[in-house]
Amino acid sequence: YMLFAGFLENEIPKHLRVIDETAKKELYEQWITNISHNYLRMLENNHGVVQPDVWQQARSINELMPITNKKAIIVSAGPSLQKNKHLLPKARGYDIFCVDRSFHRLLDIGFRPHYVVAVDASDLVAPYYEGINNETISILPATCSNKLNPKSGRRWYIPSIDPVTDRVLQIMTNLPIIHTQGNVAGATCGIVEYLGYEE
């Protein structure tokens, strides 16, 4: 999906268009409901206090720029994580991004990621965020369940829905819009690229 985001509408392959339309039809109401529940959380500082001016910019992933370390490693949650854990010491000196499901797996093998990324709107991913503290920054979509409740370090983005909805949400929050490919690994790739990592 990210590859086709800049193409003319009639050039997007049919199967990707069907996936987008189906996802929007099934999930739109949940996305909008979640955004309404998250709006005040987006305006909180790192101590959970809503700022006095409710119209100010939400705590955005833009606060993470400019990137000084231009190297990043993305750790997904596939079955190869356990058998390739011996490679992780080579990641020293890189910023470590992980998808939400791999956060606790990384802790179990002795690595604390710098960033953990979410994309899902479902409550089912909430347990992956238990125990996240200010040593790890959580990058959350405006559309996520409010049950995703890392205690600190939340930064927000808007996962692209459609041009009209994206624009309305951007006016409300001043958050960047990032194409997420519909899965957290794809979202993480998009976020790493957006933040300016070169390797």
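Biologist: What makes you say where helix α5 lies?

Modeller: This is a predicted model. In it, helix α5, residues 184–195, lies across β1, β2, β3, β4, β5 and β6. Contact means heavy atoms within 4.5 Å. Helix α5 runs at about 150° to β2, residues 95–99.

Biologist: And which strands does helix α4 touch?

Modeller: Helix α4, residues 163–173, packs on the sheet and touches β5 (154–159) and β6. The direction of α4 makes about 150° with that of β5.

Biologist: Why is the sheet called open, and what is its order?

Modeller: The six strands follow the order β1-β2-β3-β4-β5-β6, with parallel pairing. β1 and β6 (177–178) stand at the edges with a single partner strand each, so one side of each has no neighbour in the sheet.

Biologist: How do you know that β3 and β4 pair?

Modeller: Pairing needs at least two bridges. Strands β3 (residues 115–117) and β4 (residues 137–141) have three bridges, in the parallel sense, so they count as paired. Val116 stands opposite Ser138 in β4.

Biologist: What lines the second largest pocket?

Modeller: Its lining has 14 residues, with Ile74, Val75, Leu81, Asn84 and Leu88 nearest the centre. β1 (72–75) and α2 (80–83) are the elements that give two or more residues. The largest share, three residues, comes from β1. The volume of this pocket is about 200 Å³.

Biologist: How does that lining divide by class?

Modeller: The lining has eight nonpolar, four polar and two charged residues.

Terms used. Residues numbered from 1 in each chain as written. Predicted model: local features only at pLDDT ≥ 70, side-chain atom pairs only at ≥ 80, totals over all residues. Heavy atoms only, no water. 1 Å grid on protein atoms, 1.4 Å probe; cavity = no way out; pocket = protein on both sides within 12 Å on 5 of 7 lines; lining within 4 Å. Points joined across faces, edges and corners; volume = space filled by probe spheres on them. Helix = DSSP H or I, 4+ residues; strand = E, 2+ residues; numbered from the N terminus. Nonpolar A, V, L, I, M, F, W, Y, C, P; charged D, E, K, R; others polar. Axes fitted to C-alpha atoms, helices over the stretch in contact; angles between N-to-C directions.
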